[in-house]
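Here is a quick tour of a protein model, written for someone who would rather look at it than read tables. Have the viewer open as you go.

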Amino acid sequence: MSKSATRRANSHFKRLPKGQNGGIELLLIHNVEHLGRQGDLVEVKSGYALNYLLPQGLATIATDHHKRMVEKHREKLRAIELEKLKSYREQADELAKQSITIEANANDEGHLYGSVGPHEIVDALKASGITLAQDQIRLEGPLKELGLYTVKIHLHSEVDASLKVWVVPTVAAEGGEPGAS
C-alpha cells in the first residue's frame with residue numbers, strides 16, 4: 001500500500017467515533033444476535049464495523065445527532081420491536097402445530113445411509129409453504145436414524161420454536177426392487 005493510501009485509510013479511522021476501549025462506537029439499526037438490540041450503543045472492533053455491520057446496514061456511526069434521534073424515538077422503536085416479537089411468537093405457535101416428514105434411505109436396522117440436516121428440513125418446510133433459513137434450524141447433530149425428532153427452530157433472540165420431524169424410510173416405486181411381488 002502506498003503512503004497516500006495508508007494515510008487515507010488512517011484518516012478514515014480517525015473520523016469514526018472511538019469508544020472507551022478503543023473500538024468504534026456504533027448505533028444498532030437492527031437487532032444483532034450476540035451484540036445488542038435496535039437502538040443500542042455498542043463498541044466493536046473496526047474490522048467488524050467496517051466489514052460487516054456498516055455494509056450490511058445493521059448499524060450506523062454513533063453521532064450525537066443519531067443518539068438524539070434514537071432517544072426521541074425509543075418508545076416507537078420499542079413498540080415496533082414488541083410487534084415483531086408478537087409476530088415471532090405466533091409463528092412459533094404455528095410451527096409447534098406442524099409436523100414434517102422427510103424420506104431417507106435407510107438399512108433394515110433404521111440407520112440412514114446419509115443423514116438429515118438443516119438443508120433437508122428447510123426444503124421440507126418450504127414444500128409446506130414455510131420459509132426459514134438454514135441457520136435458524138438448531139440441531140445437536142445430524143439425524144442419522146429413522147424416527148420422530150423434535151427440532152429447535154431459532155426465530156429471534158427471545159423466541160424459539162419446536163418442530164416435529166419424522167424421518168421415514170424411502171418408499172420404493174412400484175416394481176422398483178427385483179424379485180419383489
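## The nonpolar cores

The largest nonpolar core in this predicted model holds 24 residues, and Leu95, Ile121, Leu125 and Ile153 have the most contacts inside it. A nonpolar core here is a set of buried Ala, Val, Leu, Ile, Met, Phe, Trp, Tyr and Cys residues joined through side-chain atoms within 4.5 Å; buried means under 20% relative accessible area, exposed over 50%, and partly exposed in between (1.4 Å probe, protein chains only). Two or more residues each come from α3, β4, β5 (111–116), α4, β8 and β9, with β9 giving the most, five. Helices (H or I, at least four residues) and strands (E, at least two) are DSSP runs, numbered from the N terminus.

Apart from that core lies another one, of eleven residues, including Ile24, Leu26, Val42 and Ala59. Contact means heavy atoms within 4.5 Å.

## The sheet and its helices

Four strands make an open, mixed sheet, running β4-β9-β8-β6. At its edges sit β4 (99–104) and β6 (137–138), each pairing on one side only. Strands count as paired if DSSP finds at least two bridges between them. β6 and β8 (residues 147–156) are antiparallel and joined by two bridges, and Arg138 faces Lys152 of β8.

Two helices pack on this sheet. Helix α3 (residues 64–97) touches β4, β8 and β9 (159–169), its direction making about 25° with that of β9. Helix α4 (residues 118–127) touches β4, β6, β8 and β9, and its direction makes about 125° with that of β4. Axes are lines fitted to C-alpha atoms, for helices over the stretch in contact, with angles from 0 to 180 degrees between N-to-C directions.

Where does His34 lie? His34 is in the loop between β1 (24–28) and β2 (41–44). His34 has a positive phi of about 70° without being a glycine. Most residues other than glycine have a negative phi. His34 is also exposed, at 80% relative accessible area.

An unreviewed UniProt entry lists residues 36–63 as "domain: Ribosomal protein L9"; such annotations may be inferred rather than shown by experiment, and positions follow the numbering used here, with feature names shortened. That stretch, 36–63, is 29% helix and 25% strand, with its end C-alpha atoms 18 Å apart.

Residues are numbered from 1 along each chain as its sequence is written, and side-chain values use heavy atoms, leaving out hydrogens and water. Local features need pLDDT of at least 70 and side-chain atom pairs count only at pLDDT 80 or more, while totals for chains, interfaces and linings use all residues.
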